[in-house]
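Reader: Could you walk me through this one? I'd like to begin with the packing.

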Amino acid sequence: MDTPTPLRIPGFIDLQVNGFAGVDFSGDALTEESFRHACHTLLARGTAAFLPTLITSGEPRLRRNLTLMVSALKKDATLARHILGFHLEGPFISKEPGAVGAHDPHAVHAPDCAYFDRLNKWSEGHVRLLTLAAELPGAADLARHAVSHGVTVSCGHQLAGIDDLARMAEAGATALTHLGNGMPNLVHRHNNPLLVGLSEERLKILFIPDGHHLPRHVLTVFARAAGPDRLIATSDASPAAGLPPGTYNVLGNIAVLEPDGLLHNPEKQCLVGSSATLFDCMNVLHRLGLFTLDDLLRIGFHNP
C-alpha cells in the first residue's frame, strides 16, 4: 500500500503538553524564560494552540509554577493568543501502581474542592481542563464544583468502573484523559478502565496516537467504537520531546528516549509521556489510513 503524503496543516490544538525542548512545566527549575522558550519552540513545530499541563506535584510547586506561567502570559502577547489555559493532570488521581503512571504517588491528593479553588486562584482562572480519577470518594462533588467554574473535567489515571464513569458524566465530566494509558498492564478481562471508557458514550476520548502509546489494533478499535466525533488526539508531550535520543530525568523519572521515539521508564515499565508533537501524532494517524482528512481535522482541531 502506498504511503500517504504527509499532512502539512500546521494548525492542531493540543490539550496535553507536559513540557518541551528540555523544559518541564511541572519542574522546580521552571522559569518564565524557560517556559516561554519551550512554548515558542512548540508553536514553531506545527502546534497552533495548546494547554500547558501540570502533573501531580506538591502544593508549593503547583502554586509556584501556576503563578509563574500566568506571569509569562501577561508579558507575552503571542503566548497569550496561543495558550488557551492550563491542564491540571492531577493531583486528584489514583495512587495505585499502574493507574498512577509516571506521577509521584506521594503527591497524590484526595479530591478537595477547597484545594482546587486555591489552584484555580493561583492560575487566575486559567485552569481549563482538570483530570481526576472517577472512583475516588468526592470525585463527583469536585467535578460538579469545577464545571461550575467553567472547567472541563476529564477522567483519567484511574481504576474506574462503569458506575464510576456514569456518576462522573452525570456530575458534568465530559472526557477521558489518554484512554488506554495511565492504567495497569494487567486488568480484569471485562471490567477495566479501557472497556468501560469506550462504553460510556457521554465522555469524549482523549488519546495519544504517537505510534507508541497505543498499537494500531487499539487505534482501529477506537476508530470503530468511538468514531471521529468522539475522539480528541493529544500528544502528551514530555519535557524530552524535541530532544535527541538519550537518558533524561523526565517528570521525576529516569527515562530513556529511544531512537524510534519511545520514551519510557525501564524500571517502572511505563511510558513517561511522549516525545512527539501533535503534528507528529496526526501524521501517525494519517499514515494508518483509519480516518479521512476531514476526520483528522475534527480529531485534531475541532473536537479539542
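Reader: Leaving aside neighbours within four places in sequence, what is F35 in contact with?
Author: F35 is in contact with V23, F25, L30, P52, L68, M69, A72, L73 and I83, where contact means heavy atoms within 4.5 Å. This is a predicted model, in which local features need pLDDT of at least 70 and side-chain atom pairs count only at pLDDT 80 or more, while totals for chains, interfaces and linings use all residues. Residues are numbered from 1 along each chain as its sequence is written, and side-chain values use heavy atoms, with hydrogens and water left out.

Reader: And how many residues are in the largest nonpolar core?
Author: That core has 77 residues, and F35 is among those with the most contacts inside it, as are F25, L130, M168, I205, F207 and F222. A nonpolar core is a set of buried Ala, Val, Leu, Ile, Met, Phe, Trp, Tyr and Cys residues joined through side-chain atoms within 4.5 Å, with buried meaning under 20% relative accessible area (1.4 Å probe, protein chains only). A second, separate core of ten residues includes A102, V250, L263 and C270.

Reader: Switching to the sheet, is the pairing parallel or antiparallel?
Author: The pairing is parallel, and the eight strands form an open sheet in the order β1-β4-β5-β6-β7-β8-β9-β10. Strands are DSSP runs of E with at least two residues, numbered from the N terminus, and two of them pair if DSSP finds at least two bridges between them.

Reader: Which are the edge strands?
Author: They are β1 (12–17) and β10 (231–233), each of which pairs on one side only.

Reader: What about C155, which residue is its bridge partner in β8?
Author: The partner is L176, and β7 (residues 152–155) pairs with β8 (residues 175–176) over two bridges.

Key
Helix = DSSP H or I, 4+ residues; strand = E, 2+ residues; numbered from the N terminus. Buried < 20%, exposed > 50% of the residue type's maximum accessible area, 1.4 Å probe, protein only.
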